[in-house]
Structures are given as structure tokens and as C-alpha cells.
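Me: I have a model open and want to go through its fold with you. Let us take it one question at a time.
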Amino acid sequence: MFFGDLFKPFRKSSEDEPKKEETSHWVKCKKCNSLMYYKEVENLLQVCPKCKYHMRIGARERIKYLADEGSFVEKDADLVPIDPLKFSDKMPYRKRVADNFKKTGTKSSVISGECTINGIGVQLVVFDFKFMGGSLGSVEGEKIVRAVNRAIEKHQGLIIVSASGGARMQESTFSLLQMSKTSAALKRLSNEGLPFISVLTDPTMGGVSASFAMLGDVILAEPGALIGFAGQRVIKQTIGTDLPEGFQTSEFLLEHGFLDMIVKRSRMKETLSDLLQYFDATHGMVDRRKQPGRRQDDYVVEEGA
Ligand SMILES: [Zn+2]
């Protein structure tokens, strides 16, 4: 061992520290440009304290904010796309998937599994925009269908949190097919009288908004999220006029009847558990005898109501 090696661990940490301080301890709001200490933003679930901008968050973080602590059990984590088209754009599709796996630690843009939300068992599917723009490919579609199957089997509700640019172009028709595949599965869920709650976050676009994301029994959105089908530039060019102010935002969509509710991130968990309790009370979704400690008298349903 060289003499200098003895100091390596010390030197390394002292070199790394200030860099870490610079890059990760301050967060800049994309909307109002305020600079904030990361802890403050973290405590507010990644919402800007000044302008209430809801920052984009990863799927793991989202699950942490929604599921009861330690209750989430991931399913189908090993499903990977098989690339039947041998697609290559700037780089081969397989390499792109591998790179995104390195970046995010997941093998697809969806993390799915089951958890409890304030004690109520539910199937939860969450999109991660960081993985190839949250695009919908065959693996993502399959994970959604499997979550539906588990919901039916366990007699539970389903929640999908979308954050997606749309269908994955690298899978062409295979990804477009996921729109009908997921829609058909949700019809089976509906036939069983089980609820599907769709949560739209920034952004929910293209083939995702044109299929399952808009098929929720209840459709919620975070404030200020971009939600639409085609991009604004394309629409503007096609119709040849200016678009109204606030076009394709949650607020605009609520006003025009596309959404049921806009829910702040800090209220999302409570809202979801209230909705699940409501469906439980009116449709007997969950056997309430197995849910001790629940507010059983909160939802009294009159005969024939
Ligand atoms: Zn802000």
C-alpha cells in the first residue's frame, strides 16, 4: 500500500462533500424561480411553498406519499420489453431501456403492486416520467392488466397514477395496442363493480390520456398538470388559431367537465382513502369485518340508494 492511499478515504469524502451540498441541498422552482432548501420542499411533498407548483416526482416517491408505510409490495418488477421490431432510432431500443434502467432502477416506466391506503387494500400502478418519458409500451400495458386481474381476484379497487408523454414510439403498433388492451381490462373491472380511480399528474398526454387515464370511475388531477392528447403547437398549427389561456391544464379541464376533482398533493392520500371507503360502503368492495378500526358509521347507505 502506498502512503498516500492511507488518506484516500478522507480526501475522497472532503472532495465530495461541497459538491453534494451544491447540487442537492437547494431546489429551484421551475415556475417562480425561487430557491429553497431541499428539506423545506421535501416536507411539503415536493410542492413549492411560494407558488404551490407541484414538482414532478418519481414513482417511488409517489408511492411513499400514497401507500401506508411499509405496505407496498411490488409486482411484476422483472417484466422487460422484448423489442419485436428490433427498433433503433438514435440508439437501439434495447440500449435505451438498459440506460433508463441504470438511471431509474426500474425496468419499465410503471411500478405496480399492492398496498394499503389508510388501511384499505388496493392495487396501485404508478408511472415514472423519468423512465423514457413515462411512455406506454407493452410491458406497461401488461402490468396494468395484471393489476386489474389482481384487483378482481382480491376484490379490491385500482388506482393508476399517470405521468406520461403517451404511447412509446419505439414499440409502434405494439404500444398503441396497449390502449385497447388496458381499456378492455378496465371494462372487466367495471363489470365486477370494482372502482378504478385515475390520478392525472404532470404530464398526462397522448395514448395514455386517450385510453385508461380518462376511463376512471373518478378522475382526479394534481393542480397545474399538463393534460391533453396532442401537443399545443400541433393543435395550433392544425386549427390555425390561438389557444385559450390555460389550455390543457387541470384547471381548464375541470372547468370543461373532463375531471371530477383537482386535489393538492398533500390531500391526495386522504382523498383516495375517502373515495375507497365510499365505494366500499356503497358497493361492498372490501369485507369491512376484516378492517378493524375503520370508521364504519361514516357512510350509511339507505336501502335502495
Ligand atoms: Zn414556485
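Me: How many of the nine residues of E7 are buried?
Reply: This is a predicted model. Buried here means 20 or more other C-beta atoms within 10 Å. Strand E7 is largely enclosed by the rest of the structure, because its buried residues number nine of nine.

Me: In which sense do E6 and E7 pair?
Reply: E6 covers residues 157-164 and E7 covers residues 196-204. Ile160 has Ser198 of E7 as its bridge partner. Ser164 stands opposite Thr204 in E7. Six bridges join the two strands, and the sense is parallel.

Me: Which strands are the edge strands of the open sheet?
Reply: The sheet has seven strands with mixed pairing. Their order is E3-E4-E5-E6-E7-E8-E9. An edge strand pairs on one side only, which gives E3 (73-75) and E9 (261-262).

Me: What angle does the direction of H5 make with that of E5?
Reply: Helix H5, residues 138-154, packs on the sheet. It touches E3, E4, E5 and E6. Its direction and that of E5 make an angle of about 175 degrees.

Me: Which strands does H3 lie across?
Reply: H3 runs at about 160 degrees to E5. E5 spans 120-127 and E4 spans 110-117. The strands that H3 lies across are E4, E5 and E6.

Me: Why are the buried residues of H3 on the same side?
Reply: Helix H3 takes in residues 59-66, and its buried residues are Ala59, Arg62 and Leu66. They are on the same side of H3 because the arc they cover around the axis is only 60 degrees.

Me: Are H5 and H6 roughly parallel or roughly antiparallel?
Reply: Two packed helices are described by an angle and a distance between their axes. For H5 and H6 (residues 172-191), the axes are 8 Å apart and the angle is about 10 degrees. Angles under 35 degrees count as roughly parallel. So H5 and H6 are roughly parallel.

Me: How many residues of the contact of H5 with H6 are charged?
Reply: On the H5 side, the residues include Ile144, Val148 and Ile152. On the H6 side, they include Phe174, Lys181 and Arg188. The contact has nine nonpolar and five polar residues, and the charged ones number three.

Me: Does Ala210 count as buried, partly exposed or exposed, and with how many C-beta neighbours?
Reply: Ala210 is in the loop between H7 (206-209) and E8 (218-221). Leaving out residues up to four places away in sequence, it touches Met179 and Phe229. Ala210 has 17 C-beta neighbours inside 10 Å, so it counts as partly exposed.

Me: How far apart are the C-alpha atoms of Asn100 and Lys130?
Reply: Asn100 is in helix H4, residues 93-104. With neighbours within four places in sequence set aside, Asn100 is in contact with Phe131 and Met132. Asn100 and Lys130 are 30 residues apart along the chain, and their C-alpha atoms are separated by 8.0 Å.

Me: What share of the contacts with a separation of 6 or more comes from residues 24 or more positions apart?
Reply: The protein chain has 10 helices and nine strands. Of its 305 residues, 35% are buried. Among contacts with a separation of 6 or more, the share from residues 24 or more positions apart is 67%.

Key:
Residues numbered from 1 in each chain as written. Predicted model: local features only at pLDDT ≥ 70, side-chain atom pairs only at ≥ 80, totals over all residues. Buried ≥ 20, exposed ≤ 12 C-beta atoms within 10 Å, placed from the backbone. Helix = DSSP H or I, 4+ residues; strand = E, 2+ residues; numbered from the N terminus. Arc of directions from axis to C-beta. Contact = placed C-beta atoms within 7 Å. Pairing = 2+ DSSP bridges. Axes fitted to C-alpha atoms, helices over the stretch in contact; angles between N-to-C directions. Parallel < 35°, antiparallel > 145°, perpendicular 65-115°, else oblique. Nonpolar A, V, L, I, M, F, W, Y, C, P; charged D, E, K, R; others polar.
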